[in-house]
Amino acid sequence: MNHSRQITTLRAAAVISSTIIGIGILSFPRYMADAGGSSAPLVAFTGVLISFFSFWLLAALCRRFPKESLFVFSRRLIGRPLAMFFTLIIWLIFIMLTGLTARQFGDVATSVLFNKTPIEATVILMLLICQLSARRNIIKFSYIHFFYLPLIIGPVIITILISMRDVDLLNLQPVLTAPSASFWRGAIEASYLFQSSFIITLLVPFMQLPKQAVRAGAIGIFAAGAVYLLIVIASVGMFGVEETKLLIYPTLETARSAVVGDGFLERLDALFIVIWVNSVFTTIYTTYYITAYLLQNLLALRDQRMTSSVLLPLVFAIAMLPKNVFETYTWTLLLGKMSMILMVGYPALLWAVYGVRRFRKKVLP
């Protein structure tokens with residue numbers, strides 16, 4: 001067996017899942033309630049389906065070239081100049097995504113945890129940890145995610161199940177409503193949280209069974225989607241639609257309201273914040289790793305250790321660009337729209353070229 005192929009299907013799924021569960025946990029129910037009202041869980045589920053469709057386009061293509069990453073086989077399909085152009089665009093998207101995610105982490109950390117700590121300190125500390133971790137190879141990268149995933153999903157599920165005792169089912173009715181423009185906007189925005197599943201393009205060449213890339217993504221995406229869906233159900237079911245819209249961090253309030261044994265165990269929000277910090281780390285770690293890998297690919301370097309160091313001040317500068325939390329959110333939505341178009345359009349282009357070439361080989365001698 002090729003010793004470079006050490007990533008199992010389960011570990012690839014763990015990477016995808018721990019990457020997706022991240023910065024959006026705290027405020028996700030508010031956006032879903034605003035988009036769909038009592039149909040917020042349905043909006044979230046629709047977003048998961050949309051994200052899986054875009055992932056399928058990418059993963060199904062990558063498994064056709066199990067020995068190469070997307071940035072290698074794309075050069076043969078559409079030519080080196082055009083492939084390098086798209087690689088540059090993807091790099092710009094992920095470096096912006098890394099910076100904005102780090103800024104969102106800083107905004108929440110300074111408002112909830114460290115009120116007197118400068119936001120620059122929290123952001124640079126998180127980025128420094130990611131930079132040092134990004135110097136590792138892809139195998140060790142996958143092990144880090146595999147280690148953190150149970151520490152993220154386990155406590156989150158337990159906290160949600162505890163809070164479910166206070167859910168009023170009337171707050172979740174009617175479940176089905178006519179899909180409106182707001183419904184579809186919310187579903188598309190929900191799918192933005194899943195775009196870091198792009199990491200599958202780096203994992204496939206190192207998977208033991210690259211043909212199972214789609215299966216790994218399905219496990220990872222739907223596991224993370226189930227967590228987000230439960231969070232929405234718990235928040236909307238406990239507080240109702242209108243109150244959920246008014247809460248800045250509904251998930252945190254849900255954990256704060258959860259009580260075990262008539263006060264024996266309460267204020268689970270403190271534990272939840274610790275879990276959230278871990279989940280944000282795995283998300284930023286992945287986007288930072290992708291950014292370092294893409295820069296290494298663009299510069300034709302041997303590995304990403306040098307590029308991970310070079311990126312640190314640049315990503316930090318991007319994180320400090322937004323003036324406030326509202327500007328950060330606006331930029332993040334705009335970036336999400338651009339990346340969704342690219343993540344669907346680029347694989348579709350490669351699929352079209354691949355299909356034409358296969359057709360020519362079958363028809364022409």
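Reply: Glutamine 131 sits in helix α6, which covers residues 119-133; a helix here is a DSSP run of H or I with at least four residues, numbered from the N terminus. This is a predicted model, in which local features need pLDDT of at least 70, side-chain atom pairs count only at pLDDT 80 or more, and totals for chains, interfaces and linings use all residues. Residues are numbered from 1 along each chain as its sequence is written, and side-chain values use heavy atoms, with hydrogens and water left out.

Glutamine 131 counts as buried because its relative accessibility is 6% (buried is under 20%, exposed over 50%, partly exposed in between, with a 1.4 Å probe and protein chains only). Apart from neighbours within four places in sequence, glutamine 131 is in contact with Tyr288, Ser308, Ser309 and Leu312, contact being heavy atoms within 4.5 Å.

Leaving out residues up to four places away in sequence, phenylalanine 198 touches Leu58, Leu70, Phe71, Ile90, Phe94, Ile290 and Met343.

Alanine 300 lies in the loop between α13 and α14 (305-319), and counts as exposed because its relative accessibility is 63%. The phi of alanine 300 is near 60 degrees, a positive value in a residue other than glycine, whereas most residues of that kind have a negative phi. In helix α14 itself we find methionine 306, which is exposed, with a relative accessible area of 57%.

Note on methods: Helix = DSSP H or I, 4+ residues; strand = E, 2+ residues; numbered from the N terminus.
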